[in-house]
Amino acid sequence: EREITEFGRNPEIVSFIGNHCRLRRMDGAWVSVDVSPYPSVLHQHALASRWEEAVRLCRFVKDDMVWACLAAMASAAKELNTTEIAYSAIHEVSKVEYLASMKEIPSAEGRAAAWALFSRQPAEAEAILIQAGLVYRAIELNMQSHNWTRALKLAIQYKTHVDTVVAYRQKYLNDFGKKETNKTFIQCAAQTEIHWETIRAKIEAEVDKERQRASGEIGR
């Protein structure tokens, strides 16, 4: 591994073939650099969807950089198992836990939205869920991202789970010892009765409905 600073400021990549890279420095000098061949080999495996071979290569090389390359390639291809293996190898615990939770999502649209959120595209994730009619999951996505204003806006717009959003917002603030300052939440809280048993039952009903929908899609 070599630091980019040894090539001066703002070096320009002129060509990159295989594991051979040619750079042009600011002073006009040309520099040839040999880089690791493994990312290129991994890329060929990824293009051909040869994920098992890619994982075997990473295990042979035992280099975090190569594992990180595989994680990025598998994530871009939405290859869940390989992405999980790669992030686990470089000890990205939070990402591994998130990927494991995706396996529990029953619907294809829900998983697609989870991938979009994993790729830092929350607006796309929400759009996928709304288009699929999974309004509660879109609300939940915004609550988990602490985008409370958007979560409440969706709940009011679709006239569902307003009590859920208000309740979880109150719990969030209480956990951090804060008081509500958002006028919309204050108004909704004054007009909404909070019953946790009812809220949990509604959430469970949403999950069951999504499972049934997914089962119907598989049975077609």
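Select Tyr98 first. Tyr98 is partly exposed, at 26% relative accessible area. Keep in mind that this is a predicted model.

**Stop 1: a stacked pair**

At 17% relative accessibility, Phe118 is buried. How do the rings of Tyr98 and Phe118 pair? They are stacked, with 5.8 Å from centre to centre and 15° between the planes. The pair counts as stacked because its planes are under 30 degrees apart.

Colour the two helices next. Tyr98 belongs to helix α5, residues 93-102. Phe118 belongs to helix α6, residues 108-118.

**Stop 2: along helix α6**

Stay on Phe118 and select Trp115. Both residues lie in helix α6. They are 3 residues apart, about one turn of the helix. Trp115 is buried, with 7% relative accessibility.

Look at the angle between the rings of Trp115 and Phe118. The planes stand at 85° and the centres are 5.8 Å apart, so this pair is edge-to-face.

**Stop 3: the ring cluster**

Which residues do ring pairs link into a cluster? The members are Tyr87, Tyr98, Trp115 and Phe118. Across the model, the count is 6 aromatic pairs.

**Stop 4: a charge over a ring**

Clear the view and select Arg169 with Phe185. Arg169 lies over the face of the Phe185 ring. The distance to the ring centre is 4.8 Å.

**Stop 5: the cysteines**

Select Cys58 and Cys69. How many disulfides does the model have? The count is 0. For Cys58, the nearest cysteine sulfur is that of Cys69, 8.2 Å away. A disulfide needs sulfur atoms within 2.5 Å, so Cys58 is in none.

Is Cys58 buried or exposed? Cys58 is buried, with a relative accessible area of 0%. Move on to Cys188. Cys188 also counts as buried, at 9% relative accessibility.

**Stop 6: a patch on the surface**

Select Ile13, Phe16 and Val35. These residues form a nonpolar patch on the surface. Together they have about 270 Å² of accessible area.

Finish on Val35. Where does Val35 lie? Val35 is in the loop between β3 (30-34) and α1 (38-47). Its relative accessible area is 31%, so Val35 counts as partly exposed.

Conventions
Residues numbered from 1 in each chain as written. Predicted model: local features only at pLDDT ≥ 70, side-chain atom pairs only at ≥ 80, totals over all residues. Heavy atoms only, no water. Phe/Tyr/Trp six-rings, centres within 6.5 Å; stacked < 30°, edge-to-face > 60°. Helix = DSSP H or I, 4+ residues; strand = E, 2+ residues; numbered from the N terminus. Buried < 20%, exposed > 50% of the residue type's maximum accessible area, 1.4 Å probe, protein only. Lys NZ or Arg CZ within 6 Å of the ring centre and 35° of its normal. Patch = residues over 30% accessible without salt bridge, like charges linked within 9 Å, V, L, I, M, F, W, Y side chains within 5 Å. Areas by Shrake-Rupley, 256 points an atom, 1.4 Å probe, with all protein chains shown as cover. Salt bridge = Lys/Arg side-chain N within 4 Å of Asp/Glu carboxyl O.
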